[in-house]
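The following report describes selected features of a single protein chain.

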Amino acid sequence: MFRTVLIANRGEIALRVARACRELGIRVAVVYSTEDTDSEVVRYADEAVRIGPGAAQASYLSIPAVMEAARRTGAEAIHPGYGFLSENADFAEVCAAEGITFIGPPPEVMEALGDKSTCRALMADAGLPLLPGTLDPVSSPREAEVLAAEIGFPVVVKAVSGGGGRGIGVAHSAAEFPAVYRETRRHAAAVFGDGRVYLERYLESARHVEIQVLADRFGNVIHLGERDCSVQRRHQKLIEEAPAPGLDEDVVAAMAEHAVQGAKAAGYVGAGTFEFLYDGRGRFYFMEVNCRIQVEHPVTELVTGVDLVHEQLWIAAGHPLRIGRQDVVPRGCAVECRINAEDADRDFVPTPGLIDELALPSGPFVRVDTHVRSGSRISVFYDPLLAKVTVWAPDRKLALARMGRALDEVRLEGKGIRTTAGFLRSVVDSGEFSTARHDTGLVGRLLEPRPVAGEGRVTAPSHAQQPPKAS
């Protein structure tokens, strides 16, 4: 096993990885920006190296700065967490050239799977079912219009280098298509430095289901079951759970078999996720591979008892898988809610600021992954994720009741700061979600304005956190 691991990330995932390293007797080194000088992981680590200012391009995304930190701390391996450099094939290649282990798949595998167009072609060859669409990037607006008409509307325009729910545009008609195509290309070029896009048929009422896999460098691949991530807003996941409720066991088994098949075809190594869309009529389609630990990994950990970060470190150290498929026995139900510093009543605008008082849930079978406390400042530079609240119960009904109780316990005081806890509570309580009749359009439906009785007016539902009732 490694003696020192450098964590090239921040926030809750940096602390999560640091704790796993500490449990395995690994010395913890971290990088941090000037914005994160007082962060929890800097306090927790054995060594911390400041690598730049708040802007991520000059710190967490700076490969030279991270590599210099690795050399200074004597790190033998780098854990990239999620986001930032976690799926950057160039970074993985630089690590290999420097003799430092990148905790993730080999750079050539990441490059093939990170290019969504190449990935689709690879998975098609491996026999995975794809939605109707293009395997190659479209080369011109005119070609795109012709292909979109052949695929049939609605059509989704996706950035070849996209990820994390970004770089996606949906055109519901031929009239909408040119503007959606132009905007998605512009966004992709600005955010990913790659304006290439491809096209797919868009499923409007689908479930988003993903399969967690583990693979070693000896060709062994197992899956750890599925997660349902259908509760999304603008392709950003808000609530995840395991197992996926209401899905036929044969469908889930076929999906998992295809994920393992795809991982073997790609030569995958490490922890990864294969994402699918399920149409509710027994058919599913491959979407993409995430070559990293996922934000939602705790739900899989709670139902399987497998520590995915421990397994990542074990595999990266060159060992064969130490668990087989027969060792993975899912039990009960786990649900995760992402608590963001956002205002649901103002189109989820981020609400940075100083946290004066903070109380997060606790109690039986409640796990909270966070990096903030009373006195923390929520920075404008980074993702507004405050905490992941994950609960476990023997069945889904109790898990949702437990999650409702946990969300009610979230209390935050700070000038101008709002959280999404109240909105998430309304999702958990909704009839569609509680009876597992939801799909990726649920949040949009819940946010639709409601008519005001007798006045012919409409009003948006309020999701503000309510103060506790007086006894």
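## Salt bridges across the chain

R16 and E301 form a salt bridge whose closest N and O atoms are 2.7 Å apart; the term denotes a side-chain nitrogen of Lys or Arg within 4 Å of a carboxyl oxygen of Asp or Glu. This pair links distant parts of the chain, with R16 in helix α1 (residues 11-23) and E301 in helix α10 (residues 297-304), 285 residues apart. Helices (H or I, at least four residues) and strands (E, at least two) are DSSP runs numbered from the N terminus. R16 and E301 are both buried, where buried means under 20% relative accessible area, exposed means over 50%, and partly exposed lies in between (1.4 Å probe, protein chains only). The model is predicted: local features need pLDDT of at least 70, side-chain atom pairs count only at pLDDT 80 or more, and totals for chains, interfaces and linings use all residues. Residues are numbered from 1 along each chain as its sequence is written, and side-chain values use heavy atoms, with hydrogens and water left out.

A salt bridge also brings together the side chains of R396 and E241, at 2.8 Å from N to O. Because R396 belongs to helix α12 (residues 396-408) and E241 to strand β11 (residues 236-242), the pair ties together parts that are 155 residues apart in sequence. R396 is buried at 15% relative accessibility, and E241 is buried at 1%. The side chains of R418 and D345 meet at 3.9 Å, N to O, in a salt bridge. R418 is in the loop between β22 (411-413) and α13 (421-429), and D345 is in the loop between β15 (342-343) and β16 (349-350), so this pair ties together parts 73 residues apart in sequence. Both ends are partly exposed: R418 has a relative accessibility of 29%, and D345 has a relative accessible area of 34%. Salt bridges with shared partners join E210, R227, K237, E240, E275, E296 and R338 into one network. The count of salt bridges comes to 41.

The buried residues are H297, P298, V299, T300, E301, V303 and T304. G305 follows α10 and has a positive phi, near 75 degrees.

L308 is located in helix α11 (residues 308-316) and is buried, with a relative accessible area of 0%. Leaving out residues up to four places away in sequence, L308 touches R16, Q212, L214, L224, I293, H297, T300 and E301; contact means heavy atoms within 4.5 Å.

M67, in helix α3 (residues 63-73), is buried at a relative accessible area of 3%. Beyond four places in sequence, M67 is in contact with I78, F91, V94, C95, E98 and I100. M67 and F91 are separated by 24 residues in sequence and by 9.1 Å in space, C-alpha to C-alpha.

K116 lies in helix α6 (residues 116-125) and counts as buried, at 6% relative accessibility. Its contacts, neighbours within four places aside, are A159, V160, G162, Y198, E288 and V289.

## A negative surface patch

D90, E93, E108 and E111 gather in a patch of negative charge on the surface. Patches are made of residues with over 30% relative accessible area and no salt bridge, like charges being joined within 9 Å and nonpolar side chains (Val, Leu, Ile, Met, Phe, Trp, Tyr) within 5 Å. Helices α4 (89-97) and α5 (107-114) each supply at least two residues of the patch. E111 lies in α5 and counts as exposed, at 52% relative accessibility.

## Backbone geometry

Most residues other than glycine have a negative phi, and most peptide bonds are trans. A cis peptide bond joins F153 and P154, with omega about 5 degrees; P154 is in the loop between α7 (141-151) and β6 (155-163). The bond from A242 to P243 is also cis, with omega near -5 degrees, and P243 lies in the loop between β11 and α9 (249-266).

H235 has a positive phi, near 70 degrees. This residue is in the loop between β10 (221-233) and β11 and is partly exposed, at 28% relative accessible area. F365 has a positive phi near 60 degrees and is placed in the loop between β18 (357-359) and β19 (366-370).

How values were computed: Accessible areas come from the Shrake-Rupley method with a 1.4 Å probe; for residues, only the protein chains shown count as cover. Lys and Arg count as positive and Asp and Glu as negative; His and the chain ends are not counted. The place of a charge is taken as NZ of Lys, CZ of Arg, CG of Asp or CD of Glu.
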